[in-house]
Amino acid sequence: MATVNDSRLLQQPSQKDAADQNFDYMFKLLIIGNSSVGKTSFLFRYADDSFTPAFVSTVGIDFKVKTVFRNNKRIKLQIWDTAGQERYRTITTAYYRGAMGFLLMYDITNQDSFSAVQDWATQIKTYSWDNAQVILVGNKCDLEDDRLIPTEDSQRLADELGFQFFETSAKDNINVKQVFERLVDVICEKMNETVEGDGGPLTSLKDSNFQDSSMEGHSSCAC
């Protein structure tokens with residue numbers, strides 16, 4: 001995918017779509033996980049409905065914008081694709097603040113990527129706001145013959161971490177749209193609970209950088 005150079009790594013999005021104010025709510029989402037688990041391919045499949053087998057490692061961080069309709073609301077998704085390499089970790093964790101949702105991805109054919117899930121979960125807990133929603137994603141389920149991670153082990157870990165879980169394939173377009181739709185839905189559910197509750201976590205929402213200047217006049221989700 002197109003990558004950003006070092007001078008842009010910590011800048012907010014400036015593409016034309018990001019400036020579009022025709023939406024009800026905006027959610028900042030991050031895709032995280034080890035390098036080569038398929039984060040970029042997954043984002044391209046969802047945003048552009050395209051897939052390329054060529055692997056190009058993401059440099060730092062990049063993003064796409066996609067608008068969806070859920071429960072009669074127009075929701076702009078600002079989806080950040082993060083580099084998995086350790087040398088970019090300081091850069092990418094700077095984007096955790098204000099993220100309302102995470103797709104924590106591993107490769108079902110790669111044991112190291114699955115073993116790293118706990119570390120990534122700790123990163124989320126450390127750098128994001130408390131009510132950020134997380135879905136554990138086991139990608140590349142089209143490679144069943146090469147599977148190293150049993151579905152049962154993944155479901156067990158997701159349950160322990162309090163995450164929802166999907167197995168997906170960017171190549172075969174399995175559960176890609178469903179994962180994003182579910183993440184948007186659980187964010188809406190959590191925000192509705194916040195509005196109906198004491199409003200404590202809502203302060204974090206209003207202060208966090210998922211709401212940039214274009215969010216003026218837009219309120220929390222009542223999806």
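Is E189 buried, partly exposed or exposed, and at what relative accessibility? I looked it up: E189 is partly exposed at 40% (buried means under 20% relative accessible area, exposed over 50%, partly exposed in between, with a 1.4 Å probe and protein chains only).

Ground rules first. I'm working on a predicted model, where local features need pLDDT of at least 70, side-chain atom pairs count only at pLDDT 80 or more, and totals for chains, interfaces and linings use all residues. Residues are numbered from 1 along each chain as its sequence is written, and side-chain values use heavy atoms, with hydrogens and water left out.

Next, I checked the overall layout. I found eight helices and six strands (DSSP runs numbered from the N terminus: helices are H or I with at least four residues, strands E with at least two). Of the 223 residues, 52% are buried.

Then I went through the salt bridges (a Lys or Arg side-chain nitrogen within 4 Å of an Asp or Glu carboxyl oxygen). The structure has eleven. E189 pairs with R182 at 3.4 Å, N to O, and R182 is partly exposed at 25%. E193 meets K190 at 3.3 Å; these two sit three residues apart in helix 7, so about one helical turn separates them.

D185 bridges to R70, with the closest N and O atoms 2.7 Å apart. That pair joins helix 7 (residues 176–196) to strand 2 (residues 61–70), 115 residues apart. D185 is buried at 18%. I also noted that R70, K177, E181 and D185 form a salt-bridge network.

Last entry: in helix 2 (residues 39–48), seven of the ten residues are buried, including F42 and L43. Just after helix 2, D49 has a positive phi of about 50 degrees.
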